[in-house]
Amino acid sequence: MNQAPADADARRAVAPVICYPVDTLPRPDLALYAAAREGAEKVAEVVVPPREAACFRAGAGEFFRISSIEGPQVGDLNLWNADDLSERFYSGKTRALHGTHVTRGERLWSSFPHLRPMATIVADTLEWYGIDAFGGSVHDVIGTRCDPYTGNLLSGVQYHHCCHSNLTRAVADELGVTLAEAEGHVHDVLNVFMCTGFTRDTGQYFMKASPVRPGDHLEFFAEIDLLGALSACPGGDCSAEHTSDAAPCHPLMVEVFRPVDGALRGWQGPARNGYEGGHGR
Ligand SMILES: [Zn+2]
């Protein structure tokens, strides 16, 4: 191991700066969204069975709500532009902008070259949780999604109901494509209701029992036409393990609400990112 330099403590003591101050991000008009939500009518409902996934669609200007309905359960969410699946949720950049966990007023951003808000969180019944004594919080954009490859790597298992596989099957059914094609569309998720953080001593990703209870929900405003897929994780409340059928699991519900005509007057969907794309050539 290398020897620490004489000024090691001084170097460690340098104060951090925020990588991406967000004061210049366009602010969502939450008051307009709240007013539009008041008279909105429910137009669709999808129940996601335990250890399975299901797709849903929400048009630009509609709301979608993910609810815990029978018991504590974590969900893995993917989002695409319904008209162009190459534009999809970018969890890494969402994390860089908003931090490791997201809540009301924050947004889910799309992949390059689009980089625009796909959805804005308008309600989060778990926002009271904050950051606990372990550094844990809810709705993370740090985990990727449980998958059979990592399970095989670490434990040699062949398990088919990880969120990655659940999402793959749901997308294949929704689009009428092969599993191989569908798998290419699956991407890093928003971990809805999952309680996670990094240990301070080793910097490892940890999870703990989700504080979610039936009736809790996370609700979004769709900024563009969306195709979504949600998996009810085989980890259940993620208090112990995933990548197995050991944990008790529960369904999740997705509901879509459409505001009345004129309720969003003055609202404009987000434009694609303004970078001209030349990359210096
Ligand atoms: Zn999972």
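Predicted model: local features only at pLDDT ≥ 70, side-chain atom pairs only at ≥ 80, totals over all residues.
Residue numbers start from 1 along each chain as its sequence is written.

First, the overall layout. The chain holds six helices and 13 strands, where helices (H or I, at least four residues) and strands (E, at least two) are DSSP runs numbered from the N terminus. The radius of gyration is 20 Å, close to the 19 Å that the globule rule gives for 281 residues, so the chain is as compact as a globular protein of that length. (The radius is taken over C-alpha atoms, and the rule is 2.2 Å times the number of residues to the power 0.38.) Along its principal axes the C-alpha trace spans about 65 × 45 × 45 Å. Buried residues make up 39% of the 281; a residue is buried if 20 or more other C-beta atoms lie within 10 Å of its own, exposed if 12 or fewer, and partly exposed in between, with C-beta atoms placed from the backbone.

Back to the sheet. Six strands form an open sheet in the order S1-S13-S3-S11-S7-S6, with antiparallel pairing; strands pair if DSSP finds at least two bridges between them. S1 (41-48) and S6 (107-109) sit at the edges with a single partner strand each, so one side of each is left without a neighbour in the sheet. From one strand to the next the twist averages 25°. Helix H2 (residues 30-38) packs on this sheet, touching S3, S7 (117-124), S11 and S13 (252-258), and its direction makes about 70° with that of S7. Axes here are lines fitted to C-alpha atoms, for helices over the stretch in contact, and angles run from 0 to 180 degrees between N-to-C directions. Contact itself asks for C-beta atoms, placed from the backbone, within 7 Å.

S11 (residues 217-222) pairs with S3 (residues 63-68) over five bridges, and S7 and S11 also pair over five bridges. Phe63 has Phe221 as its bridge partner in S11, while Asp124 stands opposite Leu218. Both faces of S11 are covered, with His217, Glu219 and Phe221 buried on one side and Leu218, Phe220 and Ala222 buried on the other.

Among the buried residues of H5 are Cys163, Leu167 and Val171, and the cover over its buried residues includes S2 (53-58), S4 (75-81) and H4 (148-155). Gly176 follows H5 with a positive phi near 65°.

Most residues other than glycine have a negative phi, and most peptide bonds are trans. Phe112 and Pro113, however, are joined by a cis peptide bond, with omega about 0°. Pro113 is found in the loop between S6 and S7, and Leu115, in that loop too, has a positive phi near 35°. His139 in strand S8 (residues 137-140) has a positive phi of about 65°, and this histidine is buried, with 28 other C-beta atoms within 10 Å.

Conventions:
Contact = placed C-beta atoms within 7 Å.
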